[in-house]
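Please look over the sequence and the model below before reading on.

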Amino acid sequence: MQTLEQLQNGALAGAVRLQLSCALTEFPREIFDLADTLEILDLSGNALSTLPDDLPRLSKLRVLFCSLNQFTVLPAVLGACPNLTMIGFKSNRIREVPASALPIALRWLILTDNAIAALPATIGRCTQLQKLMLAGNQLSALPESLAGCTNLELLRIAANRLTALPAWLLAMPKLAWLACAGNPFSAADEAAASCGAHPAIAWNDLQMAHQLGEGASGVISQAVLAGARDVAVKLFKGAITSDGLPACELAACLSAGAHPNLIAVLGEVTDHPEGVHGCVMALVDPAFHNLAGPPSLESCTRDVYANDKRFTLDALLRLAGGIAAAAQHLHARGILHGDLYAHNILHTVAGDALLGDFGAASLFAQDGPHAAALARLEVRAFGLLLEELLARCDGQAASSHTLASLAQLQADCTQAAPAQRPSFDEIVQRMQPEV
C-alpha cells in the first residue's frame with residue numbers, strides 16, 4: 001500500500017497500480033498525474049462518497065476498487081471510463097445503480113453488501129460480463145435483460161429478497177457458479193435443514209490450538225475434541241460474505257452427510273461464550289494440498305495453477321472421478337455446491353481429492369421445478385475443472401482412447417444448452433474404468 005504523501009511528492013510517477021487507504025473524504029487530484037500509466041486503482045477503506053466527473057481522464061484504468069466507503073449511488077461517471085472492466089464497491093451504502101454507471105466493456109462487477117433494490121436494464125448491454133456479485137442486497141427481482149449477458153459465468157445473488165429463480169437465468173449458456181441461498185424462495189429448504197438432527201459438540205469439549213486458515217466466512221483452527229481427538233473447528237464470522245450468509249453455509253455443511261470425497265463434518269459447535277456459530281470437522285491429512293489458487297484479476301473466472309502442476313492420467317481419473325462422485329452425492333441431498341472450483345479442492349499426488357468450502361452452497365428441493373437445471377449448471381463447472389486437469393495431464397500414447405473419452409465428456413459437460421448436458425449420475429458412470 002502506498003501513501004498520500006508519496007503520491008503528492010511525485011514518488012509514484014509511472015505507477016501502474018495504486019492503493020490508498022488513509023481516511024480520504026475526497027478523491028486526490030494528484031492521481032491524475034498517473035493518467036498515462038495507471039491501470040489498477042484501489043481506494044477501499046476510506047470515507048469517499050463521490051468520484052470526480054473527469055475520472056475518464058484515467059484512460060488506461062482497468063480495475064477500480066472502492067469498497068468500504070460511503071457511496072450511496074454507484075457513480076454514473078464509471079460508465080464513461082473507456083477501458084474499465086472491473087468495478088468493486090462492496091460494503092458501501094449504495095441504494096441506486098444509474099443506467100449510465102455500467103461500462104460496456106465490464107467483465108467483473110462487485111456490489112456485495114449494499115442496499116440495492118433494483119438493477120438497471122442497461123446491464124444487458126454488458127455482453128462481456130463474466131462475474132456478477134450481488135450478495136447481501138435488497139433485490140426482489142433480476143432484470144430480464146441480464147439474459148443478454150451470455151458470457152456470465154459466476155453469479156452471487158444470495159441474501160436478497162428474491163421470491164423465485166427466473167427460468168431464463170438457469171438457461172444461460174455459460175453460467176457455472178451460482179450462490180442463491182438466503183432468499184425467500186429458499187427459506188423453507190433452509191429451515192428444514194436447520195431443524196435436522198446434527199450432533200452437538202459443546203464448546204467446553206474443545207481445546208483450541210493454532211489457526212489453520214481464514215476465509216471469507218470464518219476462521220479454521222486445529223483443536224482437540226474431548227481431550228483425545230485432533231479436529232478442525234470453523235467459527236463463522238456472522239456477516240455477509242461475497243458468497244452469502246454464514247448461516248446458510250453452516251446449514252449446507254451439516255446437511256451434506258458423509259462421503260469419502262468430502263471433509264467429514266462431525267457436528268455443530270454449541271454453547272460458545274459469545275454465541276458464535278461453528279462446526280467441527282475431521283482434521284485433513286497434511287498430505288493434501290490445494291489443487292490451485294483462486295482466480296486473479298486477469299483470469300477473472302479461471303483458477304490459477306502452479307506453472308509446474310502436472311497430473312498422471314491415473315491421478316486425474318481418481319481426482320476428477322472423486323469430485324464428480326461428491327457432486328452427485330450433494331445433489332442427491334438437495335445441495336448445490338455453488339463454487340465447484342480447483343481452489344476449493346484438496347488433493348494428493350495420487351489423486352485423492354476432497355471438495356470443501358460450502359460458502360456459496362444453496363439448498364434446493366429435489367422435486368422442485370429447478371432441481372435438474374441447477375444440477376446441470378454445476379455440471380458445467382465440473383466440465384471446466386476437467387478441462388483444466390486435461391490440459392495438465394501427462395498422458396501416454398497408450399492412453400489416447402481414455403483421453404479422447406475424457407475430452408468428449410468435457411465437451412458434453414460444457415455445451416451451451418444446459419438441458420443437453422449429462423447428469424452427475426451419467427458422468428460418474430462414464431468415468432468408470434473400462435473392463
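The protein contains 8 helices and 19 strands, where helices (H or I, at least four residues) and strands (E, at least two) are DSSP runs, numbered from the N terminus. Its radius of gyration is 23 Å, close to the 22 Å that the globule rule gives for 435 residues, so the protein is as compact as a globular protein of that length; the radius is taken over C-alpha atoms, and the rule is 2.2 Å times the number of residues to the power 0.38.

This is a predicted model, in which local features need pLDDT of at least 70 and side-chain atom pairs count only at pLDDT 80 or more, while totals for chains, interfaces and linings use all residues. Residues are numbered from 1 along each chain as its sequence is written, and side-chain values use heavy atoms, with hydrogens and water left out.

Along its principal axes, the C-alpha trace spans about 65 × 55 × 45 Å. Of the 435 residues, 53% count as buried, a word that means under 20% relative accessible area, whereas exposed means over 50% and partly exposed lies in between (1.4 Å probe, protein chains only). The protein exposes about 18300 Å², and carbon and sulfur atoms supply 52% of this area, as computed by the Shrake-Rupley method with a 1.4 Å probe. Among contacts with a separation of 6 or more, 49% come from residues 24 or more positions apart, a contact being heavy atoms within 4.5 Å.

**Charges and salt bridges**

The protein has 27 positive and 40 negative side chains, and the centres of the two sets lie 5 Å apart. In this count Lys and Arg are positive and Asp and Glu negative, with His and the chain ends not counted, and each charge is placed at NZ of Lys, CZ of Arg, CG of Asp or CD of Glu. The structure holds 13 salt bridges, each a side-chain nitrogen of Lys or Arg within 4 Å of a carboxyl oxygen of Asp or Glu. Three of them are set out here.

| Salt bridge | Closest N and O atoms |
|---|---|
| D339 and R156 | 3.0 Å |
| E249 and K234 | 2.6 Å |

R29, D54 and R57, in turn, are linked in a network of salt bridges.

**Helix α4**

How many of the 10 residues of α4 are buried? The answer is 9, so that this helix is mostly covered, and E249, L250 and A251 are among the buried residues. E249 has 2% relative accessibility, and its salt-bridge partner K234 is buried as well, at 10%. After α4 comes G257, whose phi is positive, near 75°.

**L340**

L340 is found in the loop between β16 and β17 and is buried, with a relative accessible area of 1%. L340 touches residues including W177, I323, F382 and F424, not counting those up to four places away in sequence. The C-alpha atoms of L340 and L384, 44 residues apart along the chain, are separated by 9.6 Å.
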